[in-house]
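Here is a short report for a first look. Please keep the sequence and the 3D view at hand while reading.

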Amino acid sequence: MDQIKPETAARLNDLIDLFVGQSQNYYRRIFSYMMEAPGYRFTINRTAGFLGPSWFGARGLWSWFLGFLILETFAFIQLARGLFGDLGRELRLRAESISQTLAVRLEQIEAARNSGSTSLDALERAARSLEGALAGAEAAAAEAAAGGLTYVLFGLVFLIVVKFIEAAVANWALEGQFARWRSDHTVSSGWSQKRLSIAAGLMALVVVICSMKFARPDAFGVLNSFPTNRNLRLNVGDGVQMVFDWTKTAGRGFFDSLTFGMRTLLDAIELVLVETPWPVVALVIMLLAYLSAGSRVAIFTGAALAYLGLLDFWEKAMTTVALLGAAAMISITLGIPLGIYCARRPKVFNVVRPILDFMQSMPSFVYLIPVVAFIGSGKPAGVVATMVFGSPPVIRFTVLGLRGVPETIREAATAFGATPRYLLWRVDLPLAAPTIMAGVNQTILMSLAMVVVASLIGAKGLGEDVLEALQYAAAGQGILAGLAILFCALILDRIVAGKAK
C-alpha cells in the first residue's frame, strides 16, 4: 500500500472517515480495495453516475466537474434538438433565399418577354435550375425536421455512456484527492452541500441556456449575440484619446528628451556599425563569435555575413542590429537591476509581474499606437516599441536565477562574514549568471522579432524589405530578406548562448 508514512489500519480508517464525511463504511472498503495496487482499479459509484457533474463539484473535484459538464451538456443539447428543436431551420432559410432569387428571375423573365429580349432563354434556364434547387431544399428541410428521433437516440446513448464513465472514475478520482489531502489538508474534502448547490446551479444554467440556443436559435435572440452599445465604445474611445492628448501635451518635454536620447544612442551605434569599414566590422563580429562560442560558430558567422554582403543586405542589416542593440542595451541595463530588486522584495515583484504579463500578452502591433502617439514615427519610436516588447524576459529570468540560488550557500557565505554587497556580487550573481544570460538571449531575440513590425512606423532596416515584399507580393525578395533576419538572429543567439555557457 502506497503511503507517505507508516500508519495502522485504524489510523487510516480515521483519516478516510474525516476525509469523506459521509458513506464512511463504503469508502473504507473502496479505498482499501483501490490501495492494494497502484493505478486505476475499476469500481462503480452509483451516486456519482446519477448526480453526474454535481457529485464531482460537491466533492471539490472541479476539474472533473468541468469536463463532465461539457460532455453532459452536449448530450442534453442533442436531446433538446430532437425533442423540440427546429432541425430544418438552416435548410428552410436556404429555401427562402432561393425562393426570393427565383421571384426576381421570374420578374426578369416577364420583362424580357414584354421587351422581346434575346436573354429570355438564359433566364428561363436559370429559373428552372432555381426551381429544382428550391424543391430540393424544401424536401431536405422536411426530411431534417422529421429526424428528431435520431437526435434523441444519439443524445440518450451518449448521456448513458457519460454517466457510466462518471460512475467508473468517481472513486478513483476521489481516492487520488484523498492521497493529496493526506499531505495537504487545504485540499477540498468531505461532502459539501454548498458546493453541491453551486455545481447543480451551474450545470442547470449551462444546460438550459445551451439547449435553448441550439434547439430554438430564433426564439431567444439575446443568446445569439452579446447585447452591445456602440455609443459606449465611441465615448470610451473618445475618453482614451483625450487622455492621450493631455499626456502628450503635459509630457512634451519628457517625450522630446526621450526621443533625443534614443536618437543619440542609435546614431552612435549606427556610426560604429555602418560607417566603419565593413571588413573591420565583419572581422570583429567573427572574432567575437570565436571567443564566445568557438571556431564552428565563427565559420558560420563568416558565411552569414558573406550572405548579407553579397546580396546587398549589409547596410540594412547593420541598421537593424543598431536598432536592436539600442533597444537591447536599454532593456538589459534597466531589466537586470529591476530583476535584482524584485528578487529581494517579493511584494514588489507581485506588483511588477502583472505588468510584465501585460507587456508579453499584448499583441506587438498594439505597442505601436501609444508609441506613435507620444513619440511619433521613425527610428526612436521603433527603439521604444522594441524595448517594451523585449524587456520582460530579462527581468523574469533575473528573478528566477536569483531565487534559484541555494539558500545553504548564501547562509554559508553569511556565516563567513559576507556583506550584502559581497553576497550579491560574489555569490548570487555568479550562480545566477547562466539563467540571467538566458534572459538576455531571449530579450535580444524577442527584440529582433519586432524588426518587421517596427518598420511600419518608419524604422529602417531589414524589416523594410520584408514589408515591401508583402506589399508587392514579391515572394523571392521577401524570402531573401527573411533569411537575412534569420542569420542576424542566429549570429546573436550563438554569441550570447556561447557566452552564457
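The report goes from the model and its confidence to the overall form, the surface and one residue.

## Model and confidence

This is a predicted model, where local features need pLDDT of at least 70 and side-chain atom pairs count only at pLDDT 80 or more, while totals for chains, interfaces and linings use all residues. Residues are numbered from 1 along each chain as its sequence is written, and side-chain values use heavy atoms, without hydrogens and water.

The mean pLDDT of the protein chain is 82 (the predictor's confidence in each residue, from 0 to 100). Of its residues, 93% reach 70 or more. Residues 1-7 have pLDDT below 50. Beyond near neighbours in sequence, this stretch has twelve contacts in the model (heavy atoms within 4.5 Å).

## Overall form

The protein chain has 22 helices and zero strands (DSSP runs numbered from the N terminus: helices are H or I, at least four residues; strands are E, at least two). Its C-alpha trace spans about 100 × 80 × 50 Å along the principal axes.

Among contacts with a separation of 6 or more, 76% join residues 24 or more positions apart.

## Burial

Of the 501 residues, 40% count as buried (under 20% relative accessible area; exposed is over 50%, partly exposed in between; 1.4 Å probe, protein chains only).

## A closer look at D428

D428 sits in helix α19, residues 420-449. Is D428 buried or exposed? D428 counts as buried because its relative accessibility is 1%. Leaving aside neighbours within four places in sequence, D428 contacts R344, L402, V405, R410 and L423.
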